Amino acid sequence: MNLTEQEKELIINNIKAGRTLKKDLIYKLFAEDEDVFLFWNGRNETVTNAVLPFHSIEQIDEPRKEDQNTNILFDQRGRQIKGWTNKLIWGDNKLILSSLVHGPLREEIEKQGGLKLIYIDPPFAVGSDFSHEITIGDDTVTKRQSVIEEVAYRDTWGRGISSYLSMMYERLKLMHELLSDDGSIYVHCDWRVSSQIKLILDDIFGIENIRNTITWQSSSGARGVSGGEVKFVRTNNSIFFYGKNRKSVFNVQYRDYSDNTLKMYKFDDKDGRGLYRLQILRNYSQKSIDEMELDNRIYTDEKGKKHLKQYLSEKEGVAVDDIWTDIFSLQAGANENVYYPTQKPEALLERIIKASSNEGDLVADFFCGSGTTAAVSEKLGRKWITTDLGRFAIHTTRKRLINIQRQRNEDGLPYRAFEILNIGKYERQFFFGFPTNVLPEEQEQIQEEKLQKYIHLILEAYNAIPVKNFRTFHGRKHTRYVHVGPLHFPMTKMMCEEIFEECKEKIITQVDILAFEFEMNLTPYIQQEFAERGVDIRLRYIPKEVFDERAVEKKQVRFYDVAYLDVRPIVKGKTVSVELKNFVTRYTQDDLEEVTEQVKKGGTRVIIETGDIIKISKAENGIVEREILTKTWTDWIDYWSIDFNYEDKKEIIQIGTNGNAQSVWTGNYIFENEWQSFRTKKNNTFELKSASHEYKEEGIYKIMVKVIDILGVDTSKVIEIQVKK
């Protein structure tokens, strides 16, 4: 160790005093460990091994198909391709990756031949990716990211580049472990962090396993640079291509010949082979030349020199190198454009997927954004897993994949069903320290000791004070008593009845019930039954924002009322359709008075408050006008879908680690998406009445209707019907 006695003493004293060591002393201290070591502040070799069960939000099978005889849309169920169901997963990709690596789904992945290809385009500025624009007539309002998404931004950039590298390092380590031995990864990098990411990839995958540093020129740079900028026009992106080992799947890709190359070809239709060019004969035996002459492949010039004819029709094109100039950024009017801020062109992913996977292989993208990787994989006959933390990204991808299903169904082409998964309540349990890979009865033993921490946090976020000596109430906010619902399962009617009994005993007339989930149809029951009994009860969602202590301390957490959905079934014998009748939301994002004060004279702002989208305009003389842009309840709906036979498929989850998992019924049922209608950027309308669905047997059935509003929030309702001949 090349340290003086004085330096050794200095190191010991600094450690004892808890002071930071100077960098030159750190380098000397570890000088003999490795020749080169990648280090940044906060680097941690420990990678999470949490295993959280995946919860099924919905399964999307064959899309609706038009019946040519009746001109009515009927549903045809049954997966086109049996076996693997593609997976769109909502949540923190660190926890998702860890659960894939160590959980029971790993075995299913291995049965498919393993994960052959990962493509990721990790965000540089995470925060901007979670906000999205909502169009209302000629105006737009920004749906800001939730605070849970802000947490991701803070965790990524809390200490600047070092925390970003820590975020990427842990995820890339998990991806490396998940890849099959002959798998590959493509990492699409922002120019500001490409050099650091390259070093991390060298560290994890090994410098010997880099295949290419691809330079993608996504634009011509014709727009130039802004005045005064001291730089060349930036047109290039870096894509790092690594194999897990020396041998990985790779198929050479070809591009068309350039116009200059084609000018060197001649046309001769005498032999019916079209364009050809001449090449000097080299290293061919006389026997081979004689055979080629018989095949009219030899041309003899006027000097008697022989040349080989190369026919263009027999060539695949020019082998693609690592400079890609033939794929341009997505154009605004392109059919594939879903107007997602970071969307990449399908041609880019098509080249990558064709190069490093084969038909039937499994492909993944853990920062899926608009879902381009999944969309192209579906079209190319690959299986896929994609994940994202943003609700808007998941919803955009869902609609995009349904449209692809519809088109392939119409064209008579095969496709797979896909399911939307999340780790929702298990993610909550993980946050509060509940074990997630043990059976429910074991969890109950631990629950009591964690319960007080959970209730205290929710009350603090809601700005309520704790109360004692109540059976069902945990706090009070002004004149309203507060009940904090369960962490693990939905708030039920039975629980509400217990709350009402205590209200009756102690003459309490105003109650707020806070919960992550509510039993289906609880809102109309509360409004009708409890109002008649003289108790004003509000149901309010606990947002994920409560997970961020900083948001709680700053009073940034906003609770919002459960939306109300009204639907009407139309039953004709054994044929049923569903009509949307009403939708009411009380969602609040902004403070009307506060924003009004902030608007400058001559300026405008569009906000969301108490279920209205409001345009605030302030004239030069200071007069304020407010216009409600959401004119009708239908303005709030972006998407709705139906399961015509809800409760016919139980949700069975796997709890435990890979090789040691047990199947457990959650008590819930899987929503099978059989019919859907939604807005797109190209078509902003949707149907208010569903297609007709015909039941094979008479009987009583439950129909579940799911609405996703323009903010991306889900609201569901279950109705019961009876069908007869």
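Here's a quick briefing on the fold, the cavities and a few individual residues of this protein.

The model is predicted, so local features need pLDDT of at least 70 and side-chain atom pairs count only at pLDDT 80 or more, while totals for chains, interfaces and linings use all residues. Residues are numbered from 1 along each chain as its sequence is written, and side-chain values use heavy atoms, with hydrogens and water left out.

**Overall picture**
- The protein has 19 helices and 39 strands, taken as DSSP runs (H or I, at least four residues, for helices; E, at least two, for strands) and numbered from the N terminus.
- Of the 725 residues, 51% are buried (under 20% relative accessible area with a 1.4 Å probe, protein chains only).
- Take the contacts (heavy atoms within 4.5 Å) between residues at least 6 apart in sequence: 68% of them join residues at least 24 apart.

**Cavities**
- There are 3 cavities of 30 Å³ or more; a cavity here is a set of points, on a 1 Å grid over the protein atoms alone, where a 1.4 Å probe fits but cannot get out.
- The largest cavity comes out at about 90 Å³, with volume being the space filled by probe spheres set on the grid points, which are joined across faces, edges and corners.
- Its lining (residues with an atom within 4 Å of a point) is made up of Ile57, Trp90, Arg391, Ile394, His395, Arg398, Ile420, Gly712 and Asp714.
- Helix H13 (residues 391–410) supplies the largest share of that lining, with 4 residues.
- By type, the lining of the largest cavity splits into 4 nonpolar, 2 polar and 3 charged residues; Asp, Glu, Lys and Arg count as charged, Ala, Val, Leu, Ile, Met, Phe, Trp, Tyr, Cys and Pro as nonpolar, and the others, Gly among them, as polar.

**Helix ends and cover**
- Helix H3 (residues 93–102) is mostly covered, with 8 of its 10 residues buried, including Leu95, Ile96 and Leu97.
- At the start of H3, a side-chain oxygen of Asp92 comes to within 2.9 Å of the backbone nitrogen of Lys94.
- Over in helix H1 (residues 5–17) you'll find Glu7, which counts as buried at 17% relative accessibility.
- The Glu7 side chain reaches the backbone nitrogen of Thr4 at 3.0 Å.
- Beyond its neighbours within four places in sequence, Glu7 is in contact with Asn2, Leu25 and Lys28.

**Sheets and a hairpin**
- S22 (residues 475–477) and S23 (residues 480–484) run antiparallel and are joined by 3 bridges, with Gly475 partnered by Val482 in S23.
- Elsewhere, S33 (residues 650–657) and S34 (residues 660–669) pair in the antiparallel sense over 7 bridges, and Lys650 has Tyr669 in S34 as its bridge partner.
- S33 and S34 form a hairpin with 2 residues between them, and Gly659 in the turn has a positive phi of about 85°.

**Phe418**
- Phe418 sits in strand S20 (residues 418–422) and is buried, with a relative accessible area of 2%.
- Leaving aside neighbours within four places in sequence, its contacts include Ile60, Leu88, Trp384, Arg398 and Leu401.
- The C-alpha atoms of Phe418 and Arg398 are separated by 9.1 Å, with the two residues 20 apart along the chain.

Key. 1 Å grid on protein atoms, 1.4 Å probe; cavity = no way out; pocket = protein on both sides within 12 Å on 5 of 7 lines; lining within 4 Å. Buried < 20%, exposed > 50% of the residue type's maximum accessible area, 1.4 Å probe, protein only. Polar contact = N/O pair within 3.5 Å; in protein donor to acceptor, adjacent residues only side chain to side chain. Pairing = 2+ DSSP bridges.
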